[in-house]
Every structure is written in C-alpha cells, then in structure tokens.
Amino acid sequence: MLDNQPALDAEILLAQPRGFCAGVDRAIEIVERALERFGSPIYVRHEIVHNAYVVENLRQKGAVFVDELDEVPSGSTVIFSAHGVSKEVRADAVERGLTVFDATCPLVTKVHVEVGKMRAEGCEIIMIGHRGHPEVEGTMGQSEHGMLLVESVEDVGRLEVKDPAQLAYVTQTTLSVDETAEIVNALKARFPEIREPKKQDICYATQNRQDAVKFMVPQVEVVIVVGSPNSSNSNRLRELADRLGVPAYMVDDPAQLQPEWVAGKRRIGLTAGASAPEALAQAIVERLRALGARSVRALDGVEENMSFPLPRGLASVSV
C-alpha cells in the first residue's frame, strides 16, 4: 500500500473485451516489421494509433511520427496510420517517390470504398463523425465534393442538401453506438429516402467494448478507462459509463490514477480502449493493488478472434 493513502477493500472487475482490436494489432505490427526490414528511421504519418504508450514504445524502436508528408525526406519509407488518409495524401506520397505501407484499418477502408461507390452513383454523402479527427479527415478526403459532416442531432436540422432523393450517410468507426443511432434516426426522419451502409460502419470492436461497459456498469461504483485523451473510442467508453450513472475516469499512465476516485469503493470497473495495450491495463491494475484493492475478476464477455492480413512486402518479416 502507498504511504499516507487510505486502504481499499475493493474488487476490480475487468471488462471483456477490452484493449487492442485487430486493426490496432495490425497497425503496430506493420511499423515493427517495417523497422525490422528497413531499419530506422521509418516515418509514420500521424500517430499510428491514438495511444501515448504505444507511440512512445515505437518511437524508442526508431519510428518517427510526423504530422504531414512534407516532413518526410523524398525516397523514405512512410506508414499511413490506422485512421486512413485522403486521396490527396496518397497522391502526394506517389509524387514524392515515397515507399508506402498502409496501416489503415480494413474497416475504415470499407467506409472509403462505400464513399467511392455512393459518389459514383450520384449521391451526396453525410458523414457522422467528429470534426478534426484523422479518420474523418481521411474519409471526407475520398471525394473532392459532395460530402457534409454532422456531429449531432442539432447539426441534422441545419443541413442544406442538394437533392434529398440522392442522399446517403456513412459514419466514423469509433463513435458511440447509442448517440450515432440518435443521429441516424434524425437523418431518416428528415430525409426518409436516405441510403444507409449495407453493414453498419461502427466497427465490431467499438460495439463490443461499449456493450461490455454496459454489462459492467451495474456491478461497479466507479469505472477506470485505460486510454489516451485523443482516442475517440476510449472517450466514448468513459462517456458511456458517465451517461449510465457511474463516475468514470480515463488514464493512460498509472500515476494519473487519483486515490480519491476510488476511495471507499467496493467494486471498481476497469476497461481499455481499442488502442490501449493490455500491459498498460495491467499496470493500472497494479496501481489499484498498491492502493489496497484486494482482488481482480474478469467478467464474462465476447471473445474476439478477428485478424487482418499484413500488406504485401511485410507479411514474411518476423519480429
């Protein structure tokens, strides 16, 4: 137990599933294999995934993270992050002679393909997502024209579209399932003919982790979410627990966990966003144990076995 801190008499309940999804696993492995094959530096446009622990680990191995391609020397190797990029960024990489490995999550690529098909069929597209998020910028950048962004139900009421009969929507993959459903319902109420994706765009991992929080919340008095502040899916987990009436806090370092958050609590819930490694989640568990938590129990939940293939040229490299 840490000095001068009250002892906990608490049980830690671990959400299932939590932590890395298949797209994040793939993206990190792409960087590691590229470093193994080509050596340092390997440039990565934007954070490969939104987690400070992961980014720092890869930086120590020789990855160089940049905001834009003009920071990458001509002829270098660059990796696109899991969030995807616009067509303009892809064209720029080709023009500058960069060797590119694409770590875009295949479920984000699916949305990009949907946008291409919908635009080819003459649809104006409404994207549901968070302004400024790299995934949103990449998806909006699949078409030069004909895309509108909405972030809320209120935004739907302010939309000005060209032809309500030629309208479709797509979504960011890491949104709140419930809040997105509200926006979709508002779109359908205002534009009854709007086309929807053949399969929902919110990814399986986002759905599963939010469902796991819904299952966990009635059993705990506080929720700790392992994730970085810029992680969309981690923020959604914290907001969901709050919305369901349980105080929730997000941390991406054990030192950030404040003893007063858990003081006097008998059951503490812990989950982790899809970009947060299990090693970091376990470090948070150890911090709670140091505060006096007496036991840890994993809850029932979905067992994920999804995996995605690596890009050509890296699949044969072992790390």
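1. Basis of the model. Because this is a predicted model, local features need pLDDT of at least 70 and side-chain atom pairs count only at pLDDT 80 or more, while totals for chains, interfaces and linings use all residues. Residues are numbered from 1 along each chain as its sequence is written, and side-chain values use heavy atoms, with hydrogens and water left out.

2. Annotated residues. In an unreviewed entry, UniProt lists His50, His83, His133, Thr173, Ser231, Ser232, Asn233 and Ser275 under "binding site". The lining of the largest cavity includes each of these: His50, His83, His133, Thr173, Ser231, Ser232, Asn233 and Ser275. A cavity is a set of points, on a 1 Å grid over the protein atoms alone, where a 1.4 Å probe fits but cannot get out; lining residues have an atom within 4 Å of a point. UniProt positions are given in the numbering used here, feature names are shortened, and annotations may be inferred rather than shown by experiment.

3. Threonine 173. This residue is placed in the loop between β8 (167-171) and α7 (177-190); helices (H or I, at least four residues) and strands (E, at least two) are DSSP runs, numbered from the N terminus. Threonine 173 is buried, at a relative accessible area of 5%, where buried means under 20% relative accessible area, with a 1.4 Å probe and protein chains only. Not counting residues up to four places away in sequence, threonine 173 touches Leu107, Val108, Val111, Glu135, Asp201, Ile202, Cys203 and Thr206; contact means heavy atoms within 4.5 Å.

4. Serine 275. The loop between β11 (267-272) and α11 (278-290) holds serine 275, which is buried at 3% relative accessibility. Its contacts, leaving aside neighbours within four places in sequence, include Phe20, His50, Asn51, Ser231 and Asn233. A polar atom of the serine 275 side chain lies 3.1 Å from the backbone oxygen of histidine 50. The side chains of serine 275 and serine 231 are joined by a polar contact of 3.4 Å. A polar contact is a pair of N or O atoms within 3.5 Å; within protein, one must be able to donate a hydrogen and the other to accept it, and residues adjacent in sequence count only if both atoms are side-chain atoms.

5. Histidine 133. Located in the loop between β6 and α5 (134-140), histidine 133 is buried, with a relative accessible area of 11%. Leaving aside neighbours within four places in sequence, histidine 133 is in contact with His50, His83, Gln172 and Ser232.

6. Strand β8. This strand is largely enclosed by the rest of the structure, because 5 of its 5 residues are buried. Leu167, Tyr169 and Thr171 are buried on one side, and Ala168 and Val170 on the other. Strand β6 (residues 124-128) runs parallel to β8 and is joined to it by 5 bridges; two strands pair if DSSP finds at least two bridges between them. Isoleucine 128 stands opposite threonine 171 in β8.

7. The open sheet. Five strands form an open sheet in the order β10-β9-β11-β1-β12, with parallel pairing. Its edge strands, β10 (248-251) and β12 (295-298), each pair on one side only. Neighbouring strands are turned by 25° against each other on average, direction ignored. Axes are lines fitted to C-alpha atoms, for helices over the stretch in contact, and angles run from 0 to 180 degrees between N-to-C directions. Strand β1 (residues 11-14) pairs with β12 over 4 bridges in the parallel sense, and leucine 13 has arginine 297 in β12 as bridge partner.

8. Helices on the sheet. Helix α8 (residues 204-216) lies across β1, β9 (222-226) and β11, at about 180° to β11. Helix α9 (residues 232-243) lies across β9, β10 and β11, at about 160° to β10.

Key:
1 Å grid on protein atoms, 1.4 Å probe; cavity = no way out; pocket = protein on both sides within 12 Å on 5 of 7 lines; lining within 4 Å. Buried < 20%, exposed > 50% of the residue type's maximum accessible area, 1.4 Å probe, protein only.
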